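Please open the structure in the viewer and keep the selection panel at hand.

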Amino acid sequence: MNSFLPEVAMVTIAALAPILAAALGGLATEYVGVLNIALEGLIMAGGFAYVAVGGTWGPAAGMVAAITVPAVLALAQDGFARKARADAFVVGLAMNMLIPGAASVMSELIFGTKGVVALSALASGTLAPGAVHVPVVGPVLFSQRWSDILALLASAVVALGLALTPFGLRLRAAGMKPESVELAGLSPGRLRDGAYALSGAACGVAGMAMAAAIGAWVPNLSAGRGWIALVAIYLGRKRLKGTFLASLSFAALLALATLAQAVPSLPAGLLGAVPYLVTAVAVILGSAARGQYARKIKA
Amino acid sequence: MKRIVFLALAVAGLWSCGGTGGSPAKPASVAVFVPGVASGSPIYEMLVSGAARAVEERPGTEFKVIEGGYDQSGWLDALKAIAASGEFDLIVTSNPALPELCVKVAAEYPEVRFFVADAYMDGQRAIHTVLYNQLEQGYLVGYLAGALSVHKGSNRAGLIAAQRYPTLDRLIQPGFEAGLLAADPGMKLEYREIGNWYDANRAAELAASLYNDDVEVILAVAGGAGQGVIAAAGSAGASVVWLDGAGYQLGPDVVVGCATLAQDRLVYERVSALLDGKDLWGVADIVGATDGYVGFDRDGPAYKALPESLRAEMDTVMAKLAEGKPAFTLDSF
Amino acid sequence: MDALALVGIHKSFPDTGTVALSGADLRVARGEIHALVGENGAGKSTLARIACGMLAPDRGGIEVRGSAVAFRSRRDAERAGIGLVPQYSMLAEGLTVAQNISLGHEPRRLGLFYDSRRAEYEAAMLAQRYGFSVPADAVVAALGPSQRREAEILRAMARGADILVLDEPTSILDESETRTLFDLLRRLRAAGAAIVYISHRAREILDLADRVTVLRDGVALTTLAAGQLDECGLAELIAPTGACASGRDGASAPGQPVLQFLGAEAGPLGPVDLVVRSGEIVGVAAFAGNAMDTLEDLSAGVRLPDRGTVAAFGLSMDRLRRRGHRIAYIPTDREGRGMSLRSSLRDNVLAGRLSGYSPVEYAARKTPHADALALAKSMDVQGHMAAPAEALSGGNRQRLVLARELDKRPELVVVANPSQGLDPAARSKALGAIRKARDQGAAVLVLSQDPDDIRDLADRAFVLYRGKLKPIDSEEAGGLSALLTGART
Amino acid sequence: MNELCALPPPPQSRAWEALRRLALSSGLALVLVFMVSVLVSDEPLKAFRAFSLGPLNSARALATLLEAAAPLMLSATGALVAFKAGHFTLGGEGQVYAGAFMAALAGAWCPEGSFGLLAAVMAGVLGGTLVAAPAAAGKRWAGADVLLVTFLLSQAALHVVDWAISGPFRDAGNNLIAMDPIPQASLLPRLVHNLPLTPVPLVAGLVSVGVWIFLSRTRCGTMLALYGRNSRFAALQNFPVRSFEWAPIIFAGAMHGLAGAALSLGSNGTAVRGISGGLGWNAIGAALVAGGEPLAVVPAAVLFSWLDSGARQAAIFTELPPDAAMIIKALVIMAATAKPAYTRLKALLGGRKRT
């Protein structure tokens, strides 16, 4: 039992890496005031690009592809939505259909299979395998995969970019009032493009982390991480700190639900629902508490 | 508006000249319905190749492979569309869940016949099924898992499944447990569930937590998500057992054993028989290790790297199973 | 040589099917304050946006300091030294004043990170230079309208613009703030800046401008020296209606108390005691800061007082809305509270009288549609019934809200800044409609930052200063101004 | 002076606009199908014919097409009402699944016959409503974010129903992961002998007409649309905003539940694991492709199921991979929502007007 907490921490960090990267990417488009529903598809695009390119030219090239391909896709997605004045939400939904379909066709072309493509060269090693036996810190920190660490670092970069750079400031301004950036001589459309590209790149890193974790491309690789990332953004009230905390707590809930399967009397199928139910109840109660507080101020 | 009229005319033209294009009387035509995607799934690849071989030997027989995709809820509509096309006399498929769907389709299209491998349903005149004795399959990998665990000093083995389904509950898991106990009566089974067939990362998390908890061998019954178990075994230096031959390719270093089904042989034999007019309709057979349809693949690098004594033990178990010892007789399913 | 010359500008908006400008000219010299006037929808704002590079003209040329330019973006115009103070706020509400001012030219640390300290310092220095009180580190959302306007002016000045376009800058400023602004503009003029000043207020224009260009139906009608004009003549030029003479008519016949404040306190608003009776117009001349907004919120029942009561028809405001009393509310925040921008003009007009139709009558669409047309016409709202209200210009939006709200045959009218965005003719029509409501027995509360509104409308008047109400003699407009400014010193 | 206001109102111009865009995107779909057929198949004409006409070439195929489109019409209409009210519900998938589950439960337990059918339909509606209810209540009493709560509840419902169908409520005698079969007499009746046509398409059509009447011809519908675009304004106009906060969410839940019931009570004959099969997501797509026009939901749903069914037909007759169909579907959906300028409105206005 004394290994329980480190284990929760370890699984949480592994679960957090892709969710956080995707959530912060999605936050970039929320900053400019659009919901990028295509996070799920973009993660898949990143994972597939990593395996498809990495399979031929090695993991480093795969990583570059994992970042650029989804970024370009997201850019195209936004470009189409803006130029054709299409509903950004519908275009995002369509991206979520398009990407798995295209990945499957390309997988058949490149690897001759629509199924699992396992390439052990692309599997991520752990940070310092020898240090696992260091108490507490060992398993929590040193047994993490470098791909996850990389995704967390990328998340930090995105977070810094959003919080501390002029670019982040401009995104926020564009989201609050597009005319404010227009008056400042900037193009709200270009800023939106930038936000989309950033969200694509961040999702690509998330996909890379997921593919590297298992050393393979698996159809439907993202398996709902993009949606969880969206939940984290909204749970975090579209703020940076909030999104981080929400991602972290959701990852912890998922880790707990995973580890709770060790208790034989709990039905494994139902445990999957728990993180969502808990969060839904928390959201409603949280809103109610805020409402009460606001009423008190008024009365 | 003009455009629409033009389009309508063009479409109508295509339609009318297409109507005369049907081929003249054909002896038989076979559709292979893959409930999933064939490439990457050995059991379905064998389904296709077995049926193809049977058809090739009978010139004039039409043959077509149709993939139904992973979404179980779409299979019924796909099957109906195949039957409704009127192009096919025999639909060949493989999956324990398919007979129920075939019954529904057969009620509407009585002229179509079905052969379902890896499934069991008797008494339906339109359907022939053959079930593998997967108790034996589970037993083989269970025994290996048990013996290897004991060898490595662990008394627990894992089973990570995508979700609960009847074949798992009634055949694979009991067989696996029987194998574990046969190897060592003190063995215990840890069951974990992913919730779907594709979330490989969650599978990896589940597997990692088992391996961290002194489990040495895990059986993965999880489709694409099984890749996660292989990855986790790789980083934990532990082992995986698999239910069909593909495991060795997916994880040459960690997949120590694969129990196999002779799906291509079975499909070839039965489709040939059916095309030759043998009346197997309504019959449900069960085949297993005694007739060679369930076996164990010795050709894995990780298996060959196991200690000689373990492999010798496995040879004995396989030989005995082929003689029907222990007897996992199934009269029905 | 003109500092800025716009020659033969054409501009139409295919989306909404409107032609805003058809060959408009404007020439502004160095060291001049040049007023641009015209009725609502004459194309003033469009011309301003074109001058600032925010819109590209369909045809026509722009010259800056004698050389022809083609602005591909706002940035080009900014480089040419043209600053804009827009009619509607273009500040990002959630950012600080300094962030808004520095947007697009952010000071950086290490070439990468936003240097917020330096941005705040620069903004504060800028504010000090122009004698503005707006704090550089405050979030815009927390500011009152006049401080927002200050921030807006600072942003236009921050890039060292010497051609400045101000689009109705005083519409939400009080007298003393207006005076501060005018001082600033005069100083800029003395320094050689060219200033385009867009406004409706004849008196302001005569007070401030050197020359006046009148825009009508998208063409420049004439350009005159301001000295040649008087108030009435200017109004006549803007819209030849003969309705120049404003002033009060009708008489109040106060009856039952309708709206009552009893020691009401909320946020910056001190204890307020006020009774508005049926058949009278009570005017409150507004003052800078949040108290004005708070008073509006309390009067409209949007917010409840922290202490004390606000009641209408003897009912606390939170219960009132369920009782079906006829209340007209014309808010300052027209787009946020007064209309649904993306809904059709028809639905916006009819919103106030939906419950008056029987289901069958409404489903048949004939009567409601005729009503909507008549109502829009009654206030000269110009626009297509099926088009979204977004397509309406500011003045049309104001008229739409006035038409709908006053059509309710209200028992209580709460109106804030009734003449915002209206040209003199439309204004006098609007004020007439408010008076008519009074004459039909409504209790009317007018809150306005424009002392003229109070002077022209109010039977009894108050001034709101530091959250408190002080009664004034509304008959003396001069007295009002004096009180407003006097109260500040 | 004011001749613009004197023009008659354009007759449902938005609906026509939506229909026109749908027609154009159907044309685009045909072009894309043709291109893919030429690229991929060695019998391009056959592939094209199978894809485009396969779903339409017999009464039976047409009936199947309509039948498949009907649940989508129902759920998309529900989603559309919620969107009109400004509530972005992302919870359709779980609501459909819960509806299918509850309908199968009631259908199998209640006495067979039309009472059983009725009970099953009601149970389905209840199922969808129950999943939506906490979101509606959370919005009404706590102001909780609708998008977030509906999605979370939907995910939870998906897990719970998955567990229920493959665990305690599974039909033990069945190898399909499904619940006990609903007796034949409690299933949806067929309108025409030998055609798979149930009353569901009719009901779905009526629902969308009803919603159209509600939104465009009733006072309450007008108020709802105004509320959806500016809730603050609606409150100040004294509209019944309190009900608008929850009722549209409940309605969407009910419609998704009804769609789920139609799935269970149709050809499936019970609730199968994964029966919702993306219906909730497609509903959002169809509602948005319909441009917020309830009447356009019907053709939008038919377009969606035509693409699905055409892909299936093409896969049967030719080598066209199912993934190609998915890609085509995605591209058509994108195109369907594109707005190539408001040329129509411009023409209507006759061009001259000043702002």
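Two strands pair if DSSP finds at least two bridges between them. This term is needed for the first stop, and the model in view is a predicted one.

**Stop 1: a hairpin in chain C**

Select residues 59-64 of chain C, strand β4, together with residues 67-69, strand β5; the two pair in the antiparallel sense over 3 bridges. Within this pairing, V64(C) has S67(C) in β5(C) as its bridge partner. Between the strands of the hairpin lie 2 residues, and R65(C) takes a positive phi near 50°.

Strands β1 and β4 of chain C run antiparallel and are joined by 5 bridges. To find one of these positions, select V7(C), whose bridge partner in β4(C) is G61(C).

**Stop 2: an open sheet in chain C**

In what order do the 6 strands of the open sheet in chain C stand? The order is β18-β19-β20-β15-β21-β22, with mixed pairing. Select β18 (327-330) and β22 (468-472) of chain C: each stands at an edge with a single partner strand, so one side of each is left without a neighbour in the sheet. From one strand to the next, the twist averages 20°.

Next select β15 (residues 281-285) and β21 (residues 460-465) of chain C, which pair in the parallel sense over 4 bridges. Here G283(C) stands opposite A461(C) of β21(C).

Helix α15 (residues 394-406) of chain C touches β18 and β19 (412-416), and its direction makes about 170° with that of β18(C). Helix α16 (residues 424-439) of chain C touches β15, β19 and β20 (443-448), and its direction makes about 135° with that of β15(C).

**Stop 3: where chain A meets chain D**

Display chains A and D, where 40 residues of chain A are in contact with 40 residues of chain D. About 3,300 Å² is buried between these chains, and carbon and sulfur atoms give 82% of this area. Select R85(A), M97(A) and Y276(A), which supply 18% of the area that chain A buries against chain D, more than any other three residues.

Which elements give two or more residues to this side of chain A? They are α4 (88-111), α10 (225-235), α12 (268-271) and α13 (274-298) of chain A. The largest share, 13 residues, comes from α4(A). The residues on this side of chain A comprise 30 nonpolar, 6 polar and 4 charged.

Note on methods. Residues numbered from 1 in each chain as written. Chains lettered and ligands numbered in written order. Predicted model: local features only at pLDDT ≥ 70, side-chain atom pairs only at ≥ 80, totals over all residues. Heavy atoms only, no water. Contact = heavy atoms within 4.5 Å. Buried area = accessible area lost by both parts, 1.4 Å probe. Nonpolar A, V, L, I, M, F, W, Y, C, P; charged D, E, K, R; others polar. Axes fitted to C-alpha atoms, helices over the stretch in contact; angles between N-to-C directions.
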